[in-house]
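Hello! Here is the structure I promised to pass on to you. Have a look through it first, and then read my notes below.

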Amino acid sequence: MLAFLGAIICIIASVHPAGTAAPAAAPAADNDSAAAALLPAADKGLGALHGPAEALASAGPRLPGGPQSPPLFSRFVCTPLSAECPATGPGTGPGPEELLALRSAAAQLRRTALEQKERIRMDQETIRELTGKLSRCEGGLRTAPAAAAAAPAAAGLRAAPRPGTMGHPPAEPPAVRELEEAVRALQDRIDRIEQELPARTNGSAPTAPALARDALHTKMEQLEEQLLSKILTLQKERQAASTNRSQQQQHIDKELNSLQNRLTELEHGPPGYSPPNAFKVTIPVQNNYMYARMKKSLPELYAFTICMWLKSKALAGLGTPFSYSVPSQANEIVLLEWGTNPLELLINDKVAQLPLSLKDKAWHHVCVAWTTRDGKWSAYQDGEQRGAGENLASWHAIKPQGVLILGQEQDMLGGRFDATQAFVGELAQFGVWDHMLAPAEILGLANCTSHLQGNVIQWDDQAVEVFGGASKAPFAACEEGRKA
């Protein structure tokens with residue numbers, strides 16, 4: 001903008017005013033007066049537009065009049081413009097168009113000078129604001145007052161305007177350069193203060209605000225530790241309370257169950273003595289997964305007697321009241337009635353048909369006895385012998401370490417049941433002896449005059465496991481037999 005201003009001034013200074021007949025040496029004075037008239041308020045920034053008068057006098061071009069002609073440019077530092085001026089004399093001068101152009105250029109120059117003046121004033125206000133802030137920062141750091149250091153710069157910015165005439169051009173730098181140098185100086189001072197700040201903070205003794213801040217941090221740390229300790233204590237108390245509630249709930253459930261059982265006993269009257277063999281196994285549905293298993297196996301036997309109470313609920317065929325299987329023989333001992341076949345006793349897969357009738361859905365006492373000598377066997381129903389025979393697996397020994405199942409027929413050791421061969425009904429008082437019982441002993445078991453227990457396997461609640469939905473229930477054999 002300053003370069004444009006200088007160019008306009010040079011153009012104006014190189015043109016002679018209309019209607020004047022002054023000699024050639026007069027334009028310098030006219031240029032000075034014209035510049036003073038056009039720029040009355042730009043005295044603070046126009047000093048940068050001047051240059052040395054001697055250099056201008058020796059470097060400028062001459063008019064066509066010869067070497068004695070004076071130069072036609074002012075002493076502003078600008079690009080010289082050669083001009084072919086019209087001859088001076090009476091009746092000669094610029095036309096109306098040239099006057100209009102000169103007036104427009106002068107008005108534009110005046111507006112530009114005013115705008116430049118306003119911009120310089122705003123820059124000065126900014127520098128004063130920055131200087132005040134810098135002074136406040138230096139005062140906070142206990143340094144020398146910044147006003148004394150900033151005063152020369154401010155005074156320099158507010159110095160009286162330089163002459164600014166075209167006849168005496170000053171040699172100082174332009175106003176914009178002065179502003180830049182002042183801002184740069186302020187920036188350097190701010191940088192030095194920022195560099196000195198950590199060193200002063202670390203090297204100086206702690207001030208009162210610093211001590212107060214340290215005390216506040218210490219207090220906050222103590223409060224945080226107390227809060228964390230309180231949270232941990234509350235968590236432990238909550239866990240303990242949860243454990244106590246769980247234990248109390250279990251205790252309450254146990255007490256409620258005990259009260260419920262006691263209430264049931266009171267409703268049904270005082271309980272009598274129930275021996276361990278006073279129960280029955282119930283298989284309600286014909287399938288291949290409901291059964292009972294004896295925990296104890298058989299030893300090696302050369303004779304046996306097997307007795308039980310049973311009540312069949314099957315529509316056709318008794319099924320399999322019991323089966324004993326060993327690893328080498330699935331049908332080691334089996335009592336089976338399947339389909340339309342009669343009731344059969346299988347020993348080592350050898351078969352003997354038994355003339356028993358057990359399909360009336362009533363309780364019956366059943367016994368089968370066998371000995372390896374000559375393979376003799378006998379069958380009893382309700383204490384009476386209904387059949388006998390010989391040559392059933394003669395001289396065969398019953399193998400030990402097998403699996404004894406109630407209610408299912410084993411096609412392999414302990415499994416592969418067939419639902420069509422399953423027993424449906426109730427079983428009780430299953431016992432095994434290692435010899436053939438006498439007919440009188442079997443009759444005593446059937447009419448409840450004898451309580452003889454098997455010497456190989458006894459009917460005991462702890463010795464029988466139920467699976468697949470089979471269940472146990474109280475049972476009194478003689479009472480149920482009398483009812484039947």
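This is a predicted model: local features need pLDDT of at least 70, side-chain atom pairs count only at pLDDT 80 or more; totals for chains, interfaces and linings use all residues.

Residues are numbered from 1 along each chain as its sequence is written, and side-chain values use heavy atoms, leaving out hydrogens and water.

Now the answer: lysine 280 faces alanine 473. Strand 1 (residues 279-283) pairs with strand 14 (residues 471-474) in the antiparallel sense, over 4 bridges. Strands (E, at least two residues) are DSSP runs, numbered from the N terminus, and two of them pair if DSSP finds at least two bridges between them. Strand 1 is also joined by 4 bridges to strand 12 (residues 425-433), again antiparallel. There, isoleucine 283 has glycine 425 as its bridge partner.

Strand 1 is largely enclosed by the rest of the structure, because 5 of its 5 residues are buried (under 20% relative accessible area, with a 1.4 Å probe and protein chains only). Phe279, Val281 and Ile283 cover one side, with Lys280 and Thr282 on the other.

There is also 1 disulfide, meaning a pair of cysteine sulfur atoms within 2.5 Å. Cysteine 307 and cysteine 367 form it, with their sulfur atoms 2.0 Å apart. The pair links distant parts of the chain, strand 3 (residues 303-312) and strand 8 (residues 364-371), 60 residues apart. Both cysteine 307 and cysteine 367 are buried.

Happy exploring!

Technical notes. Buried means under 20% relative accessible area, exposed over 50%, partly exposed in between (1.4 Å probe, protein chains only).
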